[in-house]
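Q: I have a structure to go through with you. Could we take it one topic at a time?

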Amino acid sequence: MFRYSCLWNENKLRKYVMECLKQVMYVIAITVVCLAGAWLLGIPVLSALYGVDLSPYKYDLLIMMLGSGLLGFAGLLANLLTVMRYQNAILGGYIAVSVIAFFFSDKAVVEHGIRGAVLIYLVLLLILSMIFLAEYVYGIFRRRDQLRKANAAQ
């Protein structure tokens, strides 16, 4: 993150955004590889490991893997928002998702069991990722506008 901090502090927004996009592509690539591995090997390996047929839960495993990819994306965005000094925005995102989880998690699990649990996991991480992404985009445009005003004043 040091390199990102330097780019941000030196107002090299284009380079900062390009480096961030590169990291997002890595998260996507790792998620796709993990999804493929889970699709091919996940259930057979877990079934052998636990001595139980887990084949009915293949899609649940894939949903969890997708949610974990979103967790990686949200974690990356949280780090980038920290570089941008938007820690309060991160806190707001976590509070919003916590409130949603509080009201909907029990119902999802009671009504839909394992599938409800993995779907609420996926939805919560999707919401968190979208909140962090909106905050990131807002921060980039705000910084760009600040730099334009500063350059115009000179």
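Q: Which residues form the nonpolar patch on the surface?
A: Leu91, Ile95, Val99, Phe102, Phe103 and Phe104 form it, with about 670 Å² of accessible area together. Patches consist of residues with over 30% relative accessible area and no salt bridge; like charges are joined within 9 Å, nonpolar side chains (Val, Leu, Ile, Met, Phe, Trp, Tyr) within 5 Å. Accessible areas come from the Shrake-Rupley method with a 1.4 Å probe, and for residues only the protein chains shown count as cover.

Q: And Phe102, is that buried or exposed?
A: Phe102 counts as exposed, because its relative accessibility is 64%. Buried means under 20% relative accessible area, exposed over 50%, and partly exposed in between (1.4 Å probe, protein chains only). Phe102 is found in helix H4, residues 87–153.

Q: Before we go on, what kind of model is this?
A: This is a predicted model, in which local features need pLDDT of at least 70 and side-chain atom pairs count only at pLDDT 80 or more, while totals for chains, interfaces and linings use all residues. Residues are numbered from 1 along each chain as its sequence is written, and side-chain values use heavy atoms, with hydrogens and water left out.

Q: OK, how many helices and strands are there?
A: The protein has 4 helices and 0 strands. Helices (H or I, at least four residues) and strands (E, at least two) are DSSP runs, numbered from the N terminus. The radius of gyration of the protein is 19 Å, well over the 15 Å that the globule rule gives for 154 residues, so the protein is more spread out than a compact globule. That radius is taken over C-alpha atoms, and the rule is 2.2 Å times the number of residues to the power 0.38.

Q: New topic: how many salt bridges are found in the whole structure?
A: The search finds 7. A salt bridge is a side-chain nitrogen of Lys or Arg within 4 Å of a carboxyl oxygen of Asp or Glu. One of them joins Glu19 and Arg3, whose closest N and O atoms are 2.8 Å apart. Glu19 lies in helix H2 (residues 13–50) and Arg3 in helix H1 (residues 2–9), so the pair ties together parts 16 residues apart in sequence.

Q: Is Glu19 buried or exposed?
A: Glu19 counts as buried, at 6% relative accessibility, whereas Arg3 is partly exposed at 46%.

Q: What about Glu19 and Lys22, how do their side chains meet?
A: They meet in a salt bridge of 3.2 Å, N to O. Both residues lie in helix H2, 3 residues apart, about one turn of the helix.
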